Protein chains: 2
Amino acid sequence: MKIINTIDEMRSASRSIKKEGKTIALVPTMGYLHDGHLSLVREAGKKCDYLVVTIFVNPAQFGEGEDLKIYPENLSRDKALLRNLDTDFLFLPAAQEMYPPDFQTYVDVKDLSKNLCGEFRPGHFCGVATVVAKLFNIVAPDIALFGEKDYQQLRIIRQMVEDLNFDIKIVGMPIIRESGGLAMSSRNSYLSADEKAAAGSIYRSLKAGKKLFLAGARNAAEIKRAALEKAAGEVDIDYFELYDTNSLEPLDRVGEKALFAVAAHVGKTRLIDNIILEEDKS
Amino acid sequence: MKIINTIDEMRSASRSIKKEGKTIALVPTMGYLHDGHLSLVREAGKKCDYLVVTIFVNPAQFGEGEDLKIYPENLSRDKALLRNLDTDFLFLPAAQEMYPPDFQTYVDVKDLSKNLCGEFRPGHFCGVATVVAKLFNIVAPDIALFGEKDYQQLRIIRQMVEDLNFDIKIVGMPIIRESGGLAMSSRNSYLSADEKAAAGSIYRSLKAGKKLFLAGARNAAEIKRAALEKAAGEVDIDYFELYDTNSLEPLDRVGEKALFAVAAHVGKTRLIDNIILEEDKS
């Protein structure tokens, strides 16, 4: 695995690969890798000739008072995990390499950034879209993989790719969960044992909502009520709503398919999770 | 010359060229071509294996009450001119091809879009940056050429390329002028003979300012005063200022180099022009 710190070097590696007529798969991460990330890396490795993983804790997607400065890291462990999965290139730029002092260009996916986390983290998705556009131009991948835990992020990136005509295929990968059901996240490392137990109730809530949907319920308020009954008292909710899977507009009534998504604080840790309500699948 | 109307077809043409290991030069235009455009097309033809010209009157860069609906066009003449200059591909998409109904992603180059035309045409440069980003991704050129008449636009595109890491070389080309000195523009076709005569005073004004600069003047107000004396009464000024060539911030005192830029209405027609104040060149 070659470790690359500069944009120029990453770009020239990608150019060489393209010249050979070979393909590149990209997995962008913020590091502190868990099994969710690793499922993306494994899949990426199967899909293309060369596998590029990036680790970059992107300042542009953190708001004031958020956890940029304490975001967990364990680079030596991450490197070992990536080497083990036959990663070809680890792109690891410094913040000033990605955002020089006169940096001022932002990509904004407007409508899709309004609801869900967009309401509680203003500017977050603009930071995400901007850094992903940069990584797409630097790495020039054929495909890029993102986790479905960040459903809104994945939807926004798909829209950006379509709107700005990036010649890149976006692949979403299923949520990987801990044994108690908690969706894997680097931020789970912030949780105490008690908090982790409480956080486990988030997925139980989503599943309770889905159970009611599968039993025929279509009224969003009714589904939410059943779900919320399962949430532990320590779970402080930002949103817990049903949305159209495409437009991300909130739904009063569910049709054939809906996104049931939640963001909640457990102690000082903000967690997100979601489940798709859809018949015929479970 | 192959005429292409769809993004998919343009993209696959570019892919084939890249597969051959050949290079592409792009000249994006809004059509109604004049000698300024043609100087870009000629230069582009020299620089790469394949020459792509786009004609697209981009709705996203026109504000309300602006001239989108009456923007001049003469497609058969444009095609003949481009064929004559050995253009390989003319990309000619419809507005709905570039902006489908759910389009919502915009690129904004923030600081550089504030002054000059940015003040008088809110959203204009966001529309420009967005469509140019799209064209860059669709055509995947090695180089792209833009005229220096639209100095702010050129500066913004350079910044976008740097900030979003497009792997594209941007080439600026000198202003081409009519015999009376008026900078060539498709919008000059709106001018009556009297208006055209008055519009000619814009460049005489810029030259008067430059003359004073070359004689040693460094005070912006003094240079502007000398310039404005040459402007015809029919010229209704939006701005007529000295700017830092890099930051586009207005200057009170000129150092070694400055942009002297003007936007003005002559009748109903809005015109822009500029000159670089710099010693050793004229």
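Q: Which residue just after α7(B) takes a positive phi of about 60°?
A: This is a predicted model, in which local features need pLDDT of at least 70, side-chain atom pairs count only at pLDDT 80 or more, and totals for chains, interfaces and linings use all residues. Residues are numbered from 1 along each chain as its sequence is written, and chains are lettered from A and ligands numbered from 1 in the order in which they are written. Helices (H or I, at least four residues) and strands (E, at least two) are DSSP runs, numbered from the N terminus. The residue with a positive phi of about 60° just after α7(B) is B:N165.

Q: How far apart are the end C-alpha atoms of helix α7 of chain B?
A: Helix α7 of chain B covers residues 151-163, which is 13 residues. The expected span is 1.5 Å times one less than the number of residues. That gives 18 Å for α7(B), which agrees with the separation of its end C-alpha atoms, 18 Å.

Q: How many of the 13 residues of α7(B) are buried?
A: A residue is buried if 20 or more other C-beta atoms lie within 10 Å of its own, exposed if 12 or fewer, and partly exposed in between, with C-beta atoms placed from the backbone. The buried residues of α7(B) include B:Y151, B:R155 and B:D163. The helix is mostly covered, and the buried count is 10.

Q: Which element gives the most to the side of chain A that touches chain B?
A: Two residues are in contact if their C-beta atoms, placed from the backbone, lie within 7 Å. The contact takes 23 residues from chain A and 23 residues from chain B. On the side of chain A, the elements that give two or more residues are α1, β5, α6 and α7. With five residues, the one that gives the most is β5(A).

Q: What is the bridge partner of A:V107 in β5(B)?
A: Two strands pair if DSSP finds at least two bridges between them. β5(A) and β5(B) pair in the antiparallel sense over five bridges. Within β5(B), the partner of A:V107 is B:V107.

Q: Which strands stand at the edges of the open sheet of chain B?
A: The sheet has three strands in the order β8-β9-β10, with antiparallel pairing. Each edge strand has a single partner strand, so one side of each is left without a neighbour in the sheet; these strands are β8 and β10.

Q: Is B:V262 buried or exposed?
A: B:V262 lies in strand β9 of chain B. Beyond its neighbours within four places in sequence, B:V262 is in contact with residues including B:I237, B:Y239 and B:I272. With 26 other C-beta atoms within 10 Å, B:V262 is buried.
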